[in-house]
Amino acid sequence: MLSGIQPSGDLHIGNYLGALRNWVRDQERFENFFCIVDLHALTVLPDPAALRSRTLDVVALYLASGLDPAKCEIFVQSHVPAHAQLGWIVQCFTPIGWLERMTQFKVRGQTQGRERIGTGFFTYPALQAADILLYDADYVPVGDDQRQHIEFCRDVAQRLNALHGDVVKVPEPLIQGVGARVMGLDDPSVKMSKSIAAGHPLHAVFMLDPPDQIRRKIARAQTDTEPAVRDPVGPGVANLIDMYAALRGVDARSAFDEFSGKTYSALKSATADALIAALEPIQRRYAELRADESALRTGLVASAARVTVIAEATLARVQQAVGLR
Ligand code: AQP
C-alpha cells in the first residue's frame, strides 16, 4: 500500500478522514509505504523555509495519528531520487491529452489561466504515477478527489506494459465511503482544500486547531434556512452528517437518523465534540514528536535508505525495458 500527502499547507480534516486515518486503520493488513510528497508541493512554489518546516510537520502528524514506523516506511519523496527519474520516463509515455483532461488542471486553468500555471502542476500526475509504480503498489488509499489520478496511473502503467511487457504493477485505488470527500465548511460546493483554507479562515478545520477554534468553525459552517435536520438535506448539512458519521464509524444514514428533527446546532455541537475527541490525542502526541526534530530526521534518513533499494530495483527494471540500460 502506498500513499502520500503534500506538505503544501496545514493538514485539514479532509486529509485526515479521507486519507490518514484509513492508512492507520489498515496498516496491519499491508506492507506500507507513506511518503511526504515534497516534489509535488514544489508545484505551488512554496516559501522554502515553510516547505522545510511543513515537511517535518507532516511526518510528525503521520506518527501522531498512529502510523507505526515498525510497520510503515515513512519517507520524504525527494530523498529518493528514483521518484524523479521514473517520473521523467512516465512523462515520456504520457500523451499530453491525458494530462489536459485532469480536472485539477482544468479547474486551475479556469481560475488562474493556463499560461500562468507551472509546468510541474500540469505534469504532476506522471510523477505521482511514478511514486506508486516504484513500489509495485497493489493499493493506493486516497480521498475521492484523487480517483482520476489513480485512473491515470493505471492507464499509463497499462501503456508501459503493452509496449514493453509486464514491467510494472497496475494498482487499485482504495477509497472509503464516508469521509472520502469532505467539503468546505464555508462553501460545501467545493472540496475542503489546503490551498483554499490558506485564504479563507472558515473553510477548514485543521488537524492542529485547538478545541475552541474547532467549535467556532463548525458553529459557523454553512447550512441552510431549514429549522431542523430533515430530508432532503442541503449540501452543508450533508457534509456535517458525513463528517460525524466518519468520526463515529457509522454510515451516513444512521447519522442522519440520529439527528433527524433536531436543530442544526445539536448536529454542529455533536460534530465538534467528535472532532475534538479524535484530534486532541493526536495533537498531544504531535507536540512531543515535533519537538524532537533530530529524531524525526533520523527516522526519515533510515527509511529513505531502505526504500531506495526497492525503488532502484523497479527503476532499473523499467530502464532495462525501455532501452536505457
Ligand atoms: N476534502 C477532502 N476530503 C477527503 N480527502 C481529501 N484529501 C484531500 N482533500 C480531501 C485526501 O488527502 C490526501 C492528501 O492530499 P494532497 O496532499 O495530495 O492534497 P490534495 O488532494 O491536492 O488536497 P489538499 O490537501 O486540499 O490540497 P490542495 O489545496 O492542493 O488541493 C489525498 O489522499 C487526498 O485524496
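## A tour of the salt bridges

Start by selecting Asp 209 and Lys 217, whose side chains meet in a salt bridge (2.7 Å, N to O). A salt bridge here is a side-chain nitrogen of Lys or Arg within 4 Å of a carboxyl oxygen of Asp or Glu. This is a predicted model, where local features need pLDDT of at least 70 and side-chain atom pairs count only at pLDDT 80 or more, while totals for chains, interfaces and linings use all residues. Residues are numbered from 1 along each chain as its sequence is written, and side-chain values use heavy atoms, with hydrogens and water left out.

Are these two residues buried or exposed? Asp 209 is buried at 7% relative accessibility, and Lys 217 is buried at 3%. Buried means under 20% relative accessible area, exposed over 50%, and partly exposed in between (1.4 Å probe, protein chains only).

Next, select Arg 215 and Asp 273, another salt-bridge pair (2.9 Å, N to O). Arg 215 lies in helix H10 (residues 211–219) and Asp 273 in helix H13 (residues 264–291), so the pair ties together parts 58 residues apart in sequence. Helices (H or I, at least four residues) and strands (E, at least two) are DSSP runs, numbered from the N terminus. Arg 215 is partly exposed at 40%, as is Asp 273 at 35%.

Now move to Arg 317 and Asp 136, which also meet in a salt bridge (2.9 Å, N to O). Arg 317 sits in helix H14 (residues 293–322), and Asp 136 in the loop between helix H7 (119–133) and strand S4 (139–141), 181 residues apart.

For a last stop, select Asp 57, Arg 290, Glu 293 and Arg 297, which are linked in a network of salt bridges. The structure holds 22 salt bridges.
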